[in-house]
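Please keep the view open while reading.

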Amino acid sequence: LFLLLGQLGLAHEHHGEMLVPIGTVYDPVVLRGLDAFVYSLYNAGRFIVAGTPSGVTLAPEGGAHQSTITASVGMELPGVCFAEPAYAVELDWILCDAVRRLAAVDGESTYLRLSTRPVDQTPFSLVRDRLGVDELRRQVLAGGYRLRDGDPSRGSGVVLVTSGAMVPEVLAAADEIEHEGLAATVIVASSADRLYRGWQQATRATIDALGAGGRPAPSHLDTLVAADERGRSIVSVQDAASHSLAWIGSAVGARQIPLGVDRFGESGRIADLHDATGISAAHIVNAAVLAADAG
(Lines give C-alpha, C1' and ligand atoms only; values in the text may rest on other atoms or scores of the structure.)
Protein backbone atom coordinates (compact mmCIF):
# COMPACT_ATOMS: atom_id res chain seq x y z
CA LEU A 1 0.00 0.00 0.00
CA PHE A 2 2.71 2.50 0.95
CA LEU A 3 4.75 1.68 -2.16
CA LEU A 4 1.63 2.22 -4.28
CA LEU A 5 0.82 5.51 -2.54
CA GLY A 6 4.39 6.66 -3.08
CA GLN A 7 4.31 5.87 -6.80
CA LEU A 8 0.89 7.45 -7.28
CA GLY A 9 2.26 10.46 -5.45
CA LEU A 10 4.98 10.81 -8.10
CA ALA A 11 2.51 10.85 -11.01
CA HIS A 12 3.17 14.54 -11.65
CA GLU A 13 6.84 13.72 -12.34
CA HIS A 14 6.16 10.62 -14.43
CA HIS A 15 3.10 11.73 -16.39
CA GLY A 16 2.64 15.45 -15.77
CA GLU A 17 -0.65 14.86 -13.94
CA MET A 18 -1.15 15.52 -10.21
CA LEU A 19 -3.10 12.81 -8.37
CA VAL A 20 -4.50 12.84 -4.85
CA PRO A 21 -3.58 9.40 -3.42
CA ILE A 22 -5.35 8.62 -0.13
CA GLY A 23 -4.89 5.31 1.69
CA THR A 24 -6.39 3.97 4.92
CA VAL A 25 -4.95 1.32 7.24
CA TYR A 26 -5.33 0.12 10.79
CA ASP A 27 -3.08 2.53 12.65
CA PRO A 28 -0.88 -0.28 14.10
CA VAL A 29 -0.23 -1.47 10.51
CA VAL A 30 1.64 1.77 9.84
CA LEU A 31 4.62 0.15 11.58
CA ARG A 32 4.23 -3.03 9.55
CA GLY A 33 4.66 -0.99 6.37
CA LEU A 34 7.17 1.49 7.81
CA ASP A 35 10.06 0.59 5.49
CA ALA A 36 7.90 1.21 2.41
CA PHE A 37 6.47 4.35 4.06
CA VAL A 38 9.97 5.79 4.56
CA TYR A 39 11.06 4.74 1.06
CA SER A 40 8.08 6.52 -0.53
CA LEU A 41 8.74 9.70 1.44
CA TYR A 42 12.46 9.54 0.65
CA ASN A 43 11.58 9.48 -3.05
CA ALA A 44 9.44 12.62 -2.54
CA GLY A 45 6.14 10.84 -3.17
CA ARG A 46 3.21 12.89 -1.91
CA PHE A 47 0.13 11.19 -0.53
CA ILE A 48 -2.29 11.12 2.38
CA VAL A 49 -2.61 8.18 4.74
CA ALA A 50 -5.19 7.74 7.49
CA GLY A 51 -4.40 5.35 10.32
CA THR A 52 -7.61 4.39 12.10
CA PRO A 53 -8.65 3.29 14.66
CA SER A 54 -5.72 4.30 16.85
CA GLY A 55 -4.65 3.68 20.43
CA VAL A 56 -6.80 1.86 22.96
CA THR A 57 -9.95 2.99 21.14
CA LEU A 58 -9.34 -0.20 19.15
CA ALA A 59 -9.59 -2.20 22.40
CA PRO A 60 -12.96 -3.84 21.68
CA GLU A 61 -11.43 -5.38 18.54
CA GLY A 62 -8.35 -6.80 20.24
CA GLY A 63 -5.53 -5.65 22.46
CA ALA A 64 -2.75 -6.81 20.15
CA HIS A 65 -3.79 -4.29 17.52
CA GLN A 66 -3.48 -1.15 19.62
CA SER A 67 -0.99 1.47 18.44
CA THR A 68 1.29 3.39 20.82
CA ILE A 69 4.38 4.81 19.13
CA THR A 70 2.82 5.80 15.80
CA ALA A 71 2.34 9.38 16.95
CA SER A 72 6.09 9.75 17.45
CA VAL A 73 6.78 8.07 14.10
CA GLY A 74 4.52 10.55 12.35
CA MET A 75 6.15 13.54 14.02
CA GLU A 76 9.72 12.49 13.38
CA LEU A 77 9.55 11.29 9.76
CA PRO A 78 10.71 13.91 7.22
CA GLY A 79 8.45 14.67 4.29
CA VAL A 80 5.17 14.01 6.09
CA CYS A 81 3.02 16.15 8.37
CA PHE A 82 1.37 14.32 11.28
CA ALA A 83 -2.04 15.37 12.59
CA GLU A 84 -4.45 13.91 15.16
CA PRO A 85 -7.67 15.94 15.12
CA ALA A 86 -10.30 15.60 17.82
CA TYR A 87 -13.37 16.95 16.03
CA ALA A 88 -14.96 16.43 12.61
CA VAL A 89 -14.52 20.02 11.42
CA GLU A 90 -10.84 19.86 12.42
CA LEU A 91 -10.48 16.81 10.20
CA ASP A 92 -12.29 18.56 7.34
CA TRP A 93 -9.94 21.56 7.46
CA ILE A 94 -6.80 19.48 7.88
CA LEU A 95 -7.75 17.10 5.06
CA CYS A 96 -8.47 19.97 2.66
CA ASP A 97 -5.14 21.55 3.61
CA ALA A 98 -3.41 18.19 3.10
CA VAL A 99 -4.76 18.02 -0.46
CA ARG A 100 -3.49 21.55 -1.09
CA ARG A 101 -0.06 20.61 0.26
CA LEU A 102 0.25 17.77 -2.24
CA ALA A 103 0.45 20.27 -5.10
CA ALA A 104 2.38 23.05 -3.32
CA VAL A 105 5.93 23.81 -4.42
CA ASP A 106 7.17 23.08 -0.90
CA GLY A 107 4.44 20.50 -0.26
CA GLU A 108 4.54 17.20 1.59
CA SER A 109 2.53 14.13 2.52
CA THR A 110 0.11 13.97 5.45
CA TYR A 111 -0.48 11.24 8.06
CA LEU A 112 -3.81 11.42 9.89
CA ARG A 113 -4.03 9.41 13.11
CA LEU A 114 -7.77 8.98 13.65
CA SER A 115 -10.26 7.26 15.92
CA THR A 116 -13.67 5.68 15.43
CA ARG A 117 -14.74 6.74 18.92
CA PRO A 118 -17.86 8.97 19.01
CA VAL A 119 -17.00 12.41 20.43
CA ASP A 120 -19.49 15.17 21.33
CA GLN A 121 -18.93 18.05 18.87
CA THR A 122 -20.50 20.77 21.05
CA PRO A 123 -17.27 22.05 22.69
CA PHE A 124 -15.74 22.71 19.27
CA SER A 125 -18.85 24.59 18.14
CA LEU A 126 -18.57 26.85 21.19
CA VAL A 127 -14.96 27.70 20.36
CA ARG A 128 -15.93 28.37 16.74
CA ASP A 129 -18.61 30.79 17.92
CA ARG A 130 -16.12 32.55 20.18
CA LEU A 131 -13.19 32.84 17.77
CA GLY A 132 -14.92 32.82 14.39
CA VAL A 133 -14.46 30.26 11.62
CA ASP A 134 -11.46 31.89 9.93
CA GLU A 135 -9.43 32.37 13.10
CA LEU A 136 -10.17 28.91 14.45
CA ARG A 137 -9.25 27.34 11.11
CA ARG A 138 -5.96 29.26 11.14
CA GLN A 139 -5.16 27.95 14.63
CA VAL A 140 -6.14 24.36 13.82
CA LEU A 141 -3.86 24.40 10.76
CA ALA A 142 -1.08 25.97 12.82
CA GLY A 143 -1.18 22.99 15.15
CA GLY A 144 -3.53 23.72 18.02
CA TYR A 145 -6.09 25.91 19.79
CA ARG A 146 -7.45 26.68 23.24
CA LEU A 147 -10.58 24.61 23.69
CA ARG A 148 -11.25 25.94 27.18
CA ASP A 149 -9.87 28.87 29.18
CA GLY A 150 -9.21 28.33 32.84
CA ASP A 151 -11.22 30.27 35.42
CA PRO A 152 -9.37 33.62 35.71
CA SER A 153 -10.50 34.01 39.32
CA ARG A 154 -8.30 31.09 40.39
CA GLY A 155 -4.90 32.06 41.73
CA SER A 156 -3.18 28.95 40.43
CA GLY A 157 -3.86 26.16 38.00
CA VAL A 158 -2.65 23.80 35.29
CA VAL A 159 -2.61 23.62 31.51
CA LEU A 160 -3.97 20.39 30.00
CA VAL A 161 -2.76 19.49 26.49
CA THR A 162 -4.31 16.67 24.50
CA SER A 163 -5.02 15.29 21.02
CA GLY A 164 -7.67 13.21 19.29
CA ALA A 165 -9.99 10.91 21.15
CA MET A 166 -8.84 11.91 24.65
CA VAL A 167 -10.64 15.26 24.61
CA PRO A 168 -13.77 14.03 26.52
CA GLU A 169 -11.64 12.72 29.40
CA VAL A 170 -9.62 15.93 29.52
CA LEU A 171 -12.74 18.13 29.60
CA ALA A 172 -14.24 15.98 32.36
CA ALA A 173 -10.99 16.26 34.30
CA ALA A 174 -10.93 20.05 33.79
CA ASP A 175 -14.36 20.32 35.41
CA GLU A 176 -13.19 18.33 38.43
CA ILE A 177 -9.91 20.27 38.69
CA GLU A 178 -11.76 23.58 38.85
CA HIS A 179 -14.12 22.06 41.42
CA GLU A 180 -10.96 21.40 43.48
CA GLY A 181 -10.07 25.11 43.30
CA LEU A 182 -7.54 25.18 40.44
CA ALA A 183 -7.87 26.82 37.03
CA ALA A 184 -7.76 24.34 34.15
CA THR A 185 -6.94 25.50 30.63
CA VAL A 186 -7.43 22.92 27.85
CA ILE A 187 -5.33 23.07 24.67
CA VAL A 188 -6.01 20.69 21.77
CA ALA A 189 -2.93 19.86 19.69
CA SER A 190 -4.59 19.23 16.33
CA SER A 191 -1.09 18.61 14.97
CA ALA A 192 1.70 18.26 17.50
CA ASP A 193 3.99 18.04 14.47
CA ARG A 194 3.08 21.55 13.28
CA LEU A 195 3.26 22.89 16.83
CA TYR A 196 6.77 21.52 17.21
CA ARG A 197 7.92 22.73 13.81
CA GLY A 198 6.60 26.21 14.52
CA TRP A 199 8.30 26.34 17.89
CA GLN A 200 11.55 24.99 16.46
CA GLN A 201 11.55 27.48 13.57
CA ALA A 202 10.85 30.39 15.94
CA THR A 203 13.64 29.25 18.25
CA ARG A 204 16.13 29.00 15.40
CA ALA A 205 15.07 32.41 14.11
CA THR A 206 15.56 33.84 17.61
CA ILE A 207 19.05 32.38 17.79
CA ASP A 208 19.89 33.92 14.41
CA ALA A 209 18.32 37.25 15.35
CA LEU A 210 20.19 37.63 18.61
CA GLY A 211 23.37 38.44 16.73
CA ALA A 212 21.56 41.17 14.79
CA GLY A 213 19.95 42.65 17.87
CA GLY A 214 16.41 41.69 16.89
CA ARG A 215 13.82 39.19 18.06
CA PRO A 216 11.22 37.52 15.81
CA ALA A 217 7.56 36.92 16.64
CA PRO A 218 6.71 34.09 19.07
CA SER A 219 5.69 30.67 17.82
CA HIS A 220 2.07 29.53 17.72
CA LEU A 221 2.68 27.42 20.83
CA ASP A 222 3.88 30.55 22.65
CA THR A 223 0.59 32.28 21.84
CA LEU A 224 -1.47 29.30 23.05
CA VAL A 225 0.05 29.39 26.54
CA ALA A 226 -0.79 32.85 27.86
CA ALA A 227 1.83 34.93 29.64
CA ASP A 228 0.03 34.65 32.98
CA GLU A 229 -0.02 30.85 32.62
CA ARG A 230 3.71 30.40 32.03
CA GLY A 231 4.32 29.48 35.64
CA ARG A 232 1.66 26.79 35.62
CA SER A 233 2.48 23.12 35.28
CA ILE A 234 1.39 21.13 32.23
CA VAL A 235 -0.30 17.74 32.06
CA SER A 236 -0.33 16.19 28.58
CA VAL A 237 -2.60 13.28 27.68
CA GLN A 238 -2.58 11.22 24.51
CA ASP A 239 -3.90 7.82 23.46
CA ALA A 240 -0.33 7.00 22.44
CA ALA A 241 3.08 6.85 24.07
CA SER A 242 3.35 9.56 26.74
CA HIS A 243 6.64 10.62 25.16
CA SER A 244 4.93 12.05 22.07
CA LEU A 245 3.77 15.23 23.83
CA ALA A 246 6.42 15.32 26.54
CA TRP A 247 8.45 18.09 24.84
CA ILE A 248 5.84 20.81 25.40
CA GLY A 249 6.82 21.56 28.99
CA SER A 250 10.44 22.27 28.11
CA ALA A 251 9.34 24.37 25.11
CA VAL A 252 7.38 26.76 27.32
CA GLY A 253 9.59 26.45 30.39
CA ALA A 254 7.12 24.60 32.61
CA ARG A 255 7.02 21.46 34.72
CA GLN A 256 5.15 18.71 32.88
CA ILE A 257 3.63 15.35 33.69
CA PRO A 258 3.02 13.38 30.47
CA LEU A 259 0.31 10.72 30.49
CA GLY A 260 -0.10 8.13 27.75
CA VAL A 261 -0.17 4.46 26.82
CA ASP A 262 3.25 3.01 27.61
CA ARG A 263 2.42 -0.71 27.71
CA PHE A 264 0.94 -3.33 25.46
CA GLY A 265 -2.84 -3.37 25.47
CA GLU A 266 -5.59 -5.85 26.06
CA SER A 267 -9.19 -6.26 24.99
CA GLY A 268 -11.93 -4.58 26.96
CA ARG A 269 -14.17 -1.55 27.28
CA ILE A 270 -12.48 1.74 26.40
CA ALA A 271 -13.20 3.19 29.85
CA ASP A 272 -11.56 0.17 31.50
CA LEU A 273 -8.51 0.46 29.26
CA HIS A 274 -8.20 4.18 30.01
CA ASP A 275 -8.16 3.33 33.69
CA ALA A 276 -5.69 0.45 33.25
CA THR A 277 -3.24 2.57 31.24
CA GLY A 278 -3.50 5.65 33.45
CA ILE A 279 -5.21 8.08 31.06
CA SER A 280 -8.68 8.23 32.61
CA ALA A 281 -10.22 11.49 33.83
CA ALA A 282 -9.39 10.50 37.41
CA HIS A 283 -5.73 9.98 36.53
CA ILE A 284 -5.63 13.35 34.78
CA VAL A 285 -7.08 15.07 37.86
CA ASN A 286 -4.55 13.40 40.17
CA ALA A 287 -1.67 14.30 37.85
CA ALA A 288 -2.87 17.92 37.73
CA VAL A 289 -3.02 18.16 41.52
CA LEU A 290 0.45 16.61 41.80
CA ALA A 291 1.86 18.96 39.15
CA ALA A 292 0.29 22.02 40.75
CA ASP A 293 1.58 21.09 44.23
CA ALA A 294 5.08 20.50 42.86
CA GLY A 295 5.00 23.74 40.85
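Predicted model: local features only at pLDDT ≥ 70, side-chain atom pairs only at ≥ 80, totals over all residues.

1. **The main core.** The largest nonpolar core has 45 residues. Tyr87, Tyr145, Leu147 and Leu160 have the most contacts inside it. Helix H9, residues 167–179, gives the largest share of this core, with six residues.

2. **Leu160 in detail.** What does Leu160 touch, not counting residues up to four places away in sequence? The list includes Val170, Ala174 and Ile177. Thr185, Val186 and Ile187 are also on it, as are Val235 and Ile284.

3. **Helix H9.** H9 has 13 residues. From first C-alpha to last, H9 reaches 18 Å, close to the 18 Å expected at 1.5 Å a residue. Its buried residues are Val167, Glu169, Val170, Leu171, Ala173, Ala174, Ile177 and Glu178. Just after H9 comes Gly181, with a positive phi of about 105 degrees.

4. **Helix H6.** H6 runs over residues 88–103, which is 16 residues. At 1.5 Å a residue, H6 should span 22 Å. The end C-alpha atoms of H6 are 24 Å apart, which agrees. Buried in H6 are Glu90, Trp93, Ile94, Asp97, Ala98, Arg101 and Leu102.

5. **Cysteines.** How many disulfides does the structure hold? The count is zero. Cys81 is in no disulfide, and its nearest cysteine sulfur is that of Cys96, 15 Å away. Seen from Cys96, the closest cysteine sulfur is in Cys81, and 15 Å is too far for a bond. The cut-off for a disulfide is sulfur atoms within 2.5 Å. Is Cys81 buried or exposed? Cys81 counts as buried because its relative accessibility is 0%.

6. **Pro258.** Where is Pro258 placed? Pro258 is in strand S9, residues 256–259. Its relative accessibility is 33%, so Pro258 counts as partly exposed. Leaving aside neighbours within four places in sequence, Pro258 is in contact with Ser236, Ser242 and Ala246. Leu112 is 146 residues from Pro258 along the chain, and their C-alpha atoms are separated by 22 Å.

Methods. Residues numbered from 1 in each chain as written. Heavy atoms only, no water. Helix = DSSP H or I, 4+ residues; strand = E, 2+ residues; numbered from the N terminus. Buried < 20%, exposed > 50% of the residue type's maximum accessible area, 1.4 Å probe, protein only. Contact = heavy atoms within 4.5 Å. Expected span 1.5 Å × (residues − 1). Core = buried A, V, L, I, M, F, W, Y, C linked by side-chain atoms within 4.5 Å.
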